[in-house]
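Thanks for making time this morning.

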Amino acid sequence: MPPGQARAARVNHEYKRGGALAYLAAYDVHQARVLGRCEPTTGIVPFMNLVTEVMKQEPYATARRVFWIVDNGSSHRGQQAIDRLTRRFPNAVMVHTPVHASWTNQIEIVFSIVQRKVVSPNDFTDLNEVQDRLRVFEDRYNATAQPFQWKFTTSDLDDLLARLDRHTADHPEEASATPET
């Protein structure tokens, strides 16, 4: 039962599995705009479906360059993915985040928001309801969002690394890598 006044949501331990859905999205950092789509699975074809949907729209279709910042997921990893993208869209430039650093990609912030505001709690009756809620989220987000204001500068990074170096020098047992002897 859904939550009511002075009553928490009630969930039966027996449930009917409704399947899974892959939500793929691109984020325009300049306009704070999410462009997403749902697919039955992940992979090269669903990823390229997203790219095609985005790249046929303005301003991306006629832009001189469109940067696709991606993690190292299997659907867009390596030189083959770069070649596939530029063959299909010569103005597209794929840039991979460092391994284990996809958190530097702003779409990961959007996915975190989706997880907290859309997907949790996972109380959907079917996949159509998931798709509908994602679409409503996108519409609302695109109408109200502002570009993220990064406050962490390269100077901040230099300071952080220097502090880590000082700390590691004082506490070698906490170093992430041990020097070779």
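I will begin with one glutamine and then turn to the ring pairs.

Please keep in mind that this is a predicted model, in which local features need pLDDT of at least 70 and side-chain atom pairs count only at pLDDT 80 or more, while totals for chains, interfaces and linings use all residues. Residues are numbered from 1 along each chain as its sequence is written, and side-chain values use heavy atoms, with hydrogens and water left out.

Glutamine 106 belongs to helix H3, residues 106–119, where helices are DSSP runs of H or I with at least four residues and strands are runs of E with at least two, numbered from the N terminus. With a relative accessible area of 14%, glutamine 106 is buried, a word that means under 20%, with exposed over 50% and partly exposed in between, for a 1.4 Å probe and protein chains only. Leaving aside residues up to four places away in sequence, glutamine 106 touches Tyr27, Val29, Phe148 and Trp150, contact being heavy atoms within 4.5 Å.

Now the rings: those of Phe, Tyr and Trp (its six-membered ring) pair if their centres lie within 6.5 Å, and planes under 30 degrees apart count as stacked, over 60 as edge-to-face and the rest as tilted. By this rule there are five aromatic pairs. One of them joins tyrosine 23 and phenylalanine 111, whose centres are 6.2 Å apart with planes at 75 degrees, so the pair is edge-to-face. Because tyrosine 23 lies in strand S1 (residues 22–28) and phenylalanine 111 in helix H3, this pair ties together parts that are 88 residues apart in sequence.
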